[in-house]
Amino acid sequence: MSVAFGRMVRAEWTKLRTVRAWTAGLAAGPLAVFALAVATAAGSTTGCGVNDTAVACPAPPIGPGGQAVQDTASFVHRELSGDGSVTVRVASLRAAAPWAKAGLLVKDGTRPGASYAAVMVTAGHGARLQHDFTEDLAGSPGAAPRWLRLTRTGQDVTGAESADGQRWRTLGTVRPAGLGPRVRVGMFVASPEELSVEGGHLGGVIARGRPVAATGVFDHLTLRGETPGRAWTRSGEGAMTEAAGVYTVTGGGDIAPVGPHGGATLQQLLSGVVLALIAVIVVATVFVTAEYRRGLIAASLLAGPRRGRVLAAKAVVAGTVSFAGALAALVASALVALPLLRANGNLVLPVTPVAEAGVLAGTAALVALTAVLAVGLGAWLRRATPAVIAAVAAVVLPYVLATTSLLPPTVGQWLLRVSPAAGFAVQQSVPAYPHVPGSGLAQEGSFPLPGWAGLAVLAAYAALALGLGLRRLGRGDA
């Protein structure tokens, strides 16, 4: 930053902080974020019944990456010491859910959430090699029958598939986070809930999940390596029968990350951000248009004849102040409201500190970029009311329409891709995974873009607004 530009920034900062209405408006936004976060946490109570007694709901298991996971597949297993391999033919898979799966699994014991690798055939997505809940590699398309093989060599696990048991195709080699010297290997079947989106009685849409079971039939099972004991043991949900070397395994549940709809998240405490955005839009817009209304724009341009720098200085001040205020409120909300939410018996999905910090910093960046967008619109339209309406319609309105089910889900998701409201994607702390079925509804915490991409869309609109404002700023203002 040059000395001249630094002086312009200080001058704009002095203008902003000396108008009490503007500073009050900027303070109101963060206060609304914090107050609504605490009120939401205090008013949200969840419990589970055990023997007619309300208790806190059990927390989901935690995967190797620190995320909440589902680990309820029907697993038929034996111990394997050291290196070895297991081969089987999945003769058939009877399932209704496209992501129902049957295959082979090597796992670091039977503890829910333990590290694993699995090769499988699914009902609707072909063969897959997955490990540690979040990682997924696609194999050949098609369904059962399919031959599958898992080979462990040290910490590496290789998955392979075959149509006839003779010609094998390697899907890949993966390294799960924590396979000990003694692991459990065997067959598994899982079938996630069948999700449907239905119309609500009072309008909008509701996502519903229906448990469904799947049945896999396995034969030609071969296990090589040091395998103490001869008995196969089953764990998880479901049942298993064996006759003449043919194993029939029935299972439900899944072995996958928990989606955004599986519990409370930090995102659900941030409804006050919408109010903060409105406050920031009003102040940032008036920060520019007041100079036109009072006839002071000529003086500002005389002090800074390079007109692009005048607008840039206003954008820097509005964005920086908005970011700092929003970040302080968001951090305070996380520190106070999340423990309160847990104390009320709510299941808060665990996320890594990096993910939580990303939500907080990203949401503050959402507020800052919205302030920059409002500055640009104010310079372009030169009147506060049209500029405020345009900014609210661009950023806030699409988000409200998409998350309150006032629009069909496909239209809402489209808006959250192409409008400045795409920036709200930074609030999604629990990511959605392509191999995990989900409703895809924004009101349940799902967004069509990753956080960085959503912010990039908003930043592009902010840059466009500044460009339009700069173009008009150079016409007849001094």
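**Packing and local geometry**

Modeller: Val273 touches Val33, Leu330, Thr363, Leu366, Val367, Phe424 and Gln427, leaving aside residues up to four places away in sequence; contact means heavy atoms within 4.5 Å. This is a predicted model, in which local features need pLDDT of at least 70 and side-chain atom pairs count only at pLDDT 80 or more, while totals for chains, interfaces and linings use all residues. Residues are numbered from 1 along each chain as its sequence is written, and side-chain values use heavy atoms, with hydrogens and water left out.

Colleague: Which residues touch the most other members of the largest nonpolar core?

Modeller: They are Leu266, Leu269, Val273, Leu330 and Phe424, in a core of 71 residues. A nonpolar core is a set of buried Ala, Val, Leu, Ile, Met, Phe, Trp, Tyr and Cys residues joined through side-chain atoms within 4.5 Å. Buried means under 20% relative accessible area, exposed over 50%, and partly exposed in between (1.4 Å probe, protein chains only).

Colleague: At what angle do H6 and H7 cross?

Modeller: The axes of H6 (residues 353-381) and H7 (residues 384-403) cross at roughly 140° and come within 9 Å. Axes are lines fitted to C-alpha atoms, for helices over the stretch in contact, and angles run from 0 to 180 degrees between N-to-C directions. The two helices are therefore oblique to each other (under 35 degrees is roughly parallel, over 145 roughly antiparallel, 65 to 115 roughly perpendicular, the rest oblique).

Colleague: And which residues of H6 and H7 meet?

Modeller: Thr370, Leu373, Leu377, Gly378 and Leu381 in H6 meet Pro386, Ala387, Ala390, Ala391 and Val395 in H7.

Colleague: Is Asp132 buried or exposed?

Modeller: Asp132 is buried, with a relative accessible area of 10%. Although not a glycine, Asp132 has a positive phi of about 50°.

Technical notes. Helices (H or I, at least four residues) and strands (E, at least two) are DSSP runs, numbered from the N terminus.
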